Amino acid sequence: MKNIVLFGPPGAGKGTQAELLKNKYNLIHISTGEVFRYNIRNKTDLGILAKTYMDNGDLVPDEVTVKMLKAEVDKNPGAKGFLFDGFPRTESQAIALDSFLADKNDSVNGMVSLEVPEALLVERLLKRGETSGRSDDQDEEKIKHRFQEYYEKTAVLQKYYEKQNKYFGVDGVGTIEDINKRLQKVFNEL
Ligand code: AMP
């Protein structure tokens, strides 16, 4: 299987690119943020639990997130591979993912990271907030807090995958098409 972690700070373009890549490579796209938002819309117990964290720009606790991720993977037994978007976001999630996949005699092929300067990220997120209806995109303070979470808890994952020679950085500035071509070059090698 081809299991790829699409990585990058909020606003890097993970969701947009995942939509294109999942079709091209026949992968199941799992966006943990999307699954949480779906649960919030449907007022499930998981949604009610996740909502406060998300509204504040905090990460949802690892235990909750990992359990949900495993359930999403297990919904797709015949999959050719997975494109993880927004997961893992902490070292403990990365460890949980490795052991979960190892139990299935599988592994992460690579982490592909979209690299974008912070000023451009804030601009993109505020613009998305005008149309997405996402409250966490509409307030600059919340956006800043999400970056803080990213730099404190998530950015360390670069080292985690580098140690396994599985980290691939891609320039995330440019048109959607250009960035997609750069990503495909990396995906083709994984
Ligand atoms: P995203 O759609 O990836 O920007 O995620 C939106 C929000 O969902 C984040 O700010 C977190 O509150 C929550 N979230 C998504 N994925 C995770 C994760 N892997 N771990 C913890 N919280 C997450």
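Select Glu140 and Lys144. Glu140 forms a salt bridge with Lys144, and their closest N and O atoms are 3.7 Å apart. You are looking at a predicted model. Both residues sit in helix α7 (residues 140-154), so their spacing of 4 residues places them about one helical turn apart.

**More charged pairs**

Side chains of opposite charge can pair when their charged atoms come close. Keep that in mind for the next stops. A search of the whole structure finds 13 salt bridges.

Select Lys104 and Asp74. Their side chains meet in a salt bridge, 2.8 Å from N to O. Now trace the chain between them. Lys104 is in the loop between α5 (91-103) and β4, while Asp74 is in helix α4 (residues 62-74). The two are 30 residues apart, and the pair links distant parts of the chain. Lys104 is partly exposed, at a relative accessible area of 38%. Asp74 is also partly exposed, at 43%.

Next, select Arg182 and Asp171. Their side chains form a salt bridge of 3.7 Å, N to O. Which parts does this pair tie together? Arg182 lies in helix α9 (residues 176-189) and Asp171 in strand β5 (residues 167-171), so the pair ties together parts that are 11 residues apart in sequence. Arg182 counts as partly exposed at 28% relative accessibility. Asp171, at 40%, counts as partly exposed as well.

One more stop on charge. Select Arg128, Arg134, Asp136, Asp137 and Arg146 together. Salt bridges link these residues in a network.

**The sheet**

Switch to a cartoon view and find the strands. There are 5 strands in an open sheet. Read across it in the order β2-β3-β1-β4-β5. The pairing is parallel. Which strands stand at the edges? They are β2 (28-31) and β5. Each has a single partner strand, so one side of each is left without a neighbour in the sheet. Turn the view to look along the sheet. From one strand to the next, the twist averages 20 degrees.

Strands of a sheet pair through backbone hydrogen bonds, either parallel or antiparallel. Now select strand β1 (residues 2-7). This strand is mostly covered: 6 of its 6 residues are buried. Show the side chains. Lys2, Ile4 and Leu6 point one way. Asn3, Val5 and Phe7 point the other way.

β1 and β3 pair in the parallel sense over 5 bridges. Check two positions along this pairing. Lys2 stands opposite Gly81 in β3. Val5 stands opposite Phe84 in β3.

How many bridges join β1 to β4? There are 4 bridges, and these two strands run parallel. The bridge partner of Leu6 in β4 is Val112.

**The ligand**

Zoom in on the nitrogen atoms of the ligand. Start with Gln93. A polar side-chain atom of Gln93 lies 2.9 Å from a ligand nitrogen. Move to Arg89. Here a polar side-chain atom lies 3.0 Å from a nitrogen atom of the ligand. Then go to Val60, and show the backbone this time. A polar backbone atom of Val60 is 3.0 Å from a nitrogen atom of the ligand. Now show the protein surface. On its own, the ligand has 480 Å² of accessible area, and the protein covers 96% of that.

Thr65 lies in helix α4. Is Thr65 buried or exposed? Thr65 is buried, with a relative accessible area of 4%. The side chain of Thr65 has a polar atom 3.4 Å from the backbone oxygen of Val60. Val60 has a backbone atom 3.0 Å from a nitrogen atom of the ligand, and the backbone oxygen of Val60 lies 3.4 Å from the polar side-chain atom of Thr65.

Definitions and conventions. Residues numbered from 1 in each chain as written. Predicted model: local features only at pLDDT ≥ 70, side-chain atom pairs only at ≥ 80, totals over all residues. Heavy atoms only, no water. Buried < 20%, exposed > 50% of the residue type's maximum accessible area, 1.4 Å probe, protein only. Pairing = 2+ DSSP bridges. Salt bridge = Lys/Arg side-chain N within 4 Å of Asp/Glu carboxyl O. Polar contact = N/O pair within 3.5 Å; in protein donor to acceptor, adjacent residues only side chain to side chain. Areas by Shrake-Rupley, 256 points an atom, 1.4 Å probe, with all protein chains shown as cover. Axes fitted to C-alpha atoms, helices over the stretch in contact; angles between N-to-C directions.
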